[in-house]
There are 2 protein chains.
Amino acid sequence: MKAIVNISLKEGVLDSQGKAVHHALDALKFDSVDDVRVGKQIVLELASDDAEKAKAEVTEMCESLLANTVIEDYAIEIIA
Amino acid sequence: MKAIVNISLKEGVLDSQGKAVHHALDALKFDSVDDVRVGKQIVLELASDDAEKAKAEVTEMCESLLANTVIEDYAIEIIA
């Protein structure tokens, strides 16, 4: 079982990496870009077979280690 | 229009960040984790209204700036 965790900075938190990428795209003449946000994607391979249990466990991982919940949001997707 | 770009290290390329996260999860007694891969997720806000054109442009951005295609794969998702 696979779990995909997408971690992004919360709205309103300054995303300096996103700003830098936006600036670099501008310099390369990609003018149609209005905004860039850079986040993390963590793919976990899990031994568990129970999707509900897996999601609960990954949520715990996010809260305790993977995400900084003060400034980051996370979304979990479980793939069988 | 929104484009989500997921960038991950190619199979076989050592993912030291993933290894470190796996190790930390082990230390926190999350024993059911078999493997961890850490990638990037870049969310682009685009002015364009044409999904096909947007995808072509984002592909160009990936090839020229966003991804290091020697060691990284990328996947593009366009959301209206």
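1. A quick definition before anything else: a residue counts as buried under 20% relative accessible area, as exposed over 50%, and as partly exposed in between. With a relative accessible area of 41%, B:Ala75 is therefore partly exposed. Keep in mind throughout that this is a predicted model.

2. Staying with B:Ala75: you'll find this residue in strand β3 of chain B, which covers residues 72–79. Setting aside neighbours within four places in sequence, B:Ala75 touches B:Ile4, B:Val5 and B:Asn6. As for B:Gly12, which is 63 residues away along the chain, its C-alpha lies 18 Å from that of B:Ala75.

3. How much do the chains bury? Between chain A and chain B the figure is about 2500 Å², with 63% of it coming from carbon and sulfur atoms. A:Phe30, A:Ser32 and A:Gln41 account for 23% of what chain A buries against chain B, more than any other three residues. In terms of residues, the contact draws 28 from chain A and 28 from chain B.

4. Helix α1 of chain A (residues 16–27) packs against helix α2 of chain B (residues 51–66), with the axes 11 Å apart and an angle of about 105 degrees between them. Angles of 65 to 115 degrees count as roughly perpendicular, so α1(A) is roughly perpendicular to α2(B). From α1(A) come A:Val21, A:Ala24 and A:Leu25, and they meet B:Met61, B:Leu65 and B:Leu66 of α2(B). Sorted by type, the residues of this contact are six nonpolar, no polar and no charged.

5. Last, a backbone point to check. A:Lys29 has a phi near 70 degrees, which is positive although the residue is not glycine. A:Lys29 sits in the loop between α1 and β2 (33–46) of chain A. At a relative accessible area of 65%, A:Lys29 is exposed. B:Lys29 belongs to the loop between α1 (16–27) and β2 (33–46) of chain B, and its 65% relative accessibility makes B:Lys29 exposed.

How values were computed: Residues numbered from 1 in each chain as written. Chains lettered and ligands numbered in written order. Predicted model: local features only at pLDDT ≥ 70, side-chain atom pairs only at ≥ 80, totals over all residues. Heavy atoms only, no water. Axes fitted to C-alpha atoms, helices over the stretch in contact; angles between N-to-C directions. Helix = DSSP H or I, 4+ residues; strand = E, 2+ residues; numbered from the N terminus. Parallel < 35°, antiparallel > 145°, perpendicular 65-115°, else oblique. Contact = heavy atoms within 4.5 Å. Nonpolar A, V, L, I, M, F, W, Y, C, P; charged D, E, K, R; others polar. Buried < 20%, exposed > 50% of the residue type's maximum accessible area, 1.4 Å probe, protein only. Buried area = accessible area lost by both parts, 1.4 Å probe.
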